[in-house]
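Trainee: Could you show me how to read a structure like this one, feature by feature?

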Amino acid sequence: MRVVLLGPPGAGKGTQAQIIAGHLGVPAISTGDIFRANVGGQTDLGREAKVYMDAGDLVPDAITVAMVTDRLAEPDAKAGYLLDGFPRTIAQGEKLRDNLAEAGQALDRVLELVVDEDELVRRLSGRRMLVDGEWVVRGDDDPETVRHRLEVYREQTAPLSGFYERAGLLSRIDAIGEIDEVTRRALEALGAADAMDDDPGDGPAGDPAED
Ligand code: AMP
């Protein structure tokens, strides 16, 4: 199954991506995580991406698409995947659709996690991530950058909601509530709610640092 998880920063995308992918038995592929790993490893890609990430801006489409295309060509993605944080622009969405079509493939569904903006600001201002055993504020989570990231989401990413709705692929999921409840809503939208009853409690614990 090929699934895209869409939603603003702070909607719980990272947490849900891991859990839902675990239930579906496919890898969760997070472009944010891949970029952060490259920044940490001080690769050329990481150095290039860091400037945009620190500012709360999107990394240019050409760089991001090339990176995702490589990742999706890896063997573990053959049977499907759950994309977390990609696509983030209409151009990325079109490229993904065209690349899949060339391979005779298509997305099965797009889940949009819906949370109102006040709640997002509240969540993002408080979140921390574990680095070398210490809880720290993510560099792009300071209030100014948070506001900017939400603006970028509204302007560049939110239009994907209509793009996928027109393609008949979109399911909107109310993402307020307990982690388990949101997972259940998402799996129901995928017609895979049974997966949750079969293997209760699997999947990694939610990481509040990831969206
Ligand atoms: P995330 O962890 O998904 O919030 O991503 C962190 C940062 O990585 C974003 O604020 C962007 O700078 C960059 N990024 C992640 N995914 C993408 C994407 N699909 N397109 C462009 N930039 C991205």
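We will go through the sheet, a helix and the ligand site.

Mentor: This is a predicted model, in which local features need pLDDT of at least 70, side-chain atom pairs count only at pLDDT 80 or more, and totals for chains, interfaces and linings use all residues. Residues are numbered from 1 along each chain as its sequence is written, and side-chain values use heavy atoms, with hydrogens and water left out.

Trainee: What is the strand order of the open sheet?

Mentor: Strands of a sheet pair through backbone hydrogen bonds, either parallel or antiparallel. Here five strands pair in parallel, in the order 2-3-1-4-7. Strand 2 (28-30) and strand 7 (170-174) each have a single partner strand, so one side of each lacks a neighbour in the sheet. Strands are DSSP runs of E, at least two residues, and helices are runs of H or I, at least four, numbered from the N terminus; two strands pair if DSSP finds at least two bridges between them.

Trainee: Which residues of helix 9 are buried?

Mentor: An α-helix has 3.6 residues a turn, so residues three or four places apart point the same way. In helix 9 (residues 179-189), V182, T183, A186 and L187 are buried (under 20% relative accessible area, 1.4 Å probe, protein chains only). They fall within an arc of 135° seen down the axis, so they line one face of the helix; the arc is that of the directions from the helix axis to the C-beta atoms.

Trainee: How far is the side chain of Q92 from the ligand?

Mentor: A polar contact is a pair of N or O atoms within 3.5 Å. An N or O atom in the Q92 side chain is 3.0 Å from a ligand nitrogen atom, while a polar side-chain atom of R36 lies 2.9 Å from a ligand oxygen atom.

Notes: Buried means under 20% relative accessible area, exposed over 50%, partly exposed in between (1.4 Å probe, protein chains only). A polar contact is a pair of N or O atoms within 3.5 Å; within protein, one must be able to donate a hydrogen and the other to accept it, and residues adjacent in sequence count only if both atoms are side-chain atoms.
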